[in-house]
Amino acid sequence: MDHFNHTWSQSFILAGLTASETLRPLAFLGTLCIYLLTLAGNVIIIILVQVDSRLYTPMYFFISVLSFLELWYVSTTVPTLLHTLLHGCSPISSTVCFFQLYVFHSLGMTECYLLGVMALDRHLAICRPLHYHALMSRRVQLWLAGTPWVAGFSAALVPASLTATLPFCLKEVAHYFCDLAPLMQLACVHTGWHTWIHIVVIGMITSCSLVLILGLYGGILKAVLKLPSAASRSKAFSTCSSHIIVVTLFFGSAFTVYVGPPGIRAEGKDKLITLIYSFLTPFLNPIIYTLRNKEVKEAIRRITQRIRAV
């Protein structure tokens, strides 16, 4: 890696994913196809919730907010991934690099909070069905949907600003986008203190969100087991299964990268694990919420019939 004056850096170089010259075109085409399908799938969910009156419920409103978030989340890192796959090592200005770092972690923390809000919605719907619509008014929905964005973009200021103020002696980022650990490896100073601050901030947010989600699902499980019939228990569980899959994918991979053992980062496995929650999860969300959801599939059928009639 090249050394340069640490007082000012005009640009970094993204190393990208390790791939042979013959595999790069295939990897580029595959990534581009998945990216376009991700955008299309999440846009379709947003349109369905806005157009179909039977989906005017708090649960689908929060799903549409999650889809809107995923559009931005995947678009924060995939363009640089595509560029490195197509051209190899790619330069990126320090301003764009730190902005990407901030936006990526802001959206990631926003998703942590939003998944907690979605678990709260399911908890109220199943545990307090008689008071659900009174508790989850339109005003409350908007407040619950907006608060994660404010909290996420505020919390991400800490790790992003600490990293941006470091003096850098190297410029080759061993990743396909600007992330915390790869950037700190380029610093001229010891970053142990910064690493602990990042772990505390990100770890506390993800841990608190996960504990909240597990606690809410514990209450859901307790309430569902008290239901009299197997059919009612199955219906209650089915409304939560999609959310549980998304939570498992997102939190499992994020914890491994940011709170897991340093050996994962040293071996370069963090880049592949990052693909799960930053790329594959946004791609799988529309599939999980449509293929496992009868109401969404019926909404697609109704809108398709409407389009054919026109």
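Which hand, left or right, does the crossing of H3 and H5 have? The views below take this up in a predicted model, where local features need pLDDT of at least 70, side-chain atom pairs count only at pLDDT 80 or more, and totals for chains, interfaces and linings use all residues. Numbering starts from 1 along each chain as its sequence is written, and side-chain values use heavy atoms, without hydrogens and water.

**View 1. Helices H3 and H5 cross.** The crossing is right-handed (the near helix is turned clockwise from the far one by less than a right angle). H3 spans residues 94–127 and H5 residues 138–155; helices are DSSP runs (H or I, at least four residues), numbered from the N terminus. Their axes come within 7 Å and cross at roughly 145 degrees (lines fitted to C-alpha atoms over the stretch in contact; angles run from 0 to 180 degrees between N-to-C directions). Contact (heavy atoms within 4.5 Å) involves residues including Tyr 102, Met 109 and Leu 120 of H3, and Leu 144, Trp 149 and Phe 153 of H5.

**View 2. Helix H12 has a buried face.** Val 296, Ala 299, Arg 302 and Ile 303 are buried (under 20% relative accessible area; exposed is over 50%, partly exposed in between; 1.4 Å probe, protein chains only). These buried residues fall within an arc of 120 degrees seen down the axis of H12, so they line one face (the arc is that of directions from the helix axis to the C-beta atoms). On the other side, Lys 294, Arg 308 and Ala 309 are exposed.

**View 3. Leu 36 sits in helix H1.** H1 covers residues 24–51. Leu 36 is partly exposed, at 48% relative accessible area. Leu 36 and Leu 166 lie 130 residues apart in sequence and 36 Å apart in space, C-alpha to C-alpha.

Conventions:
Helix = DSSP H or I, 4+ residues; strand = E, 2+ residues; numbered from the N terminus.
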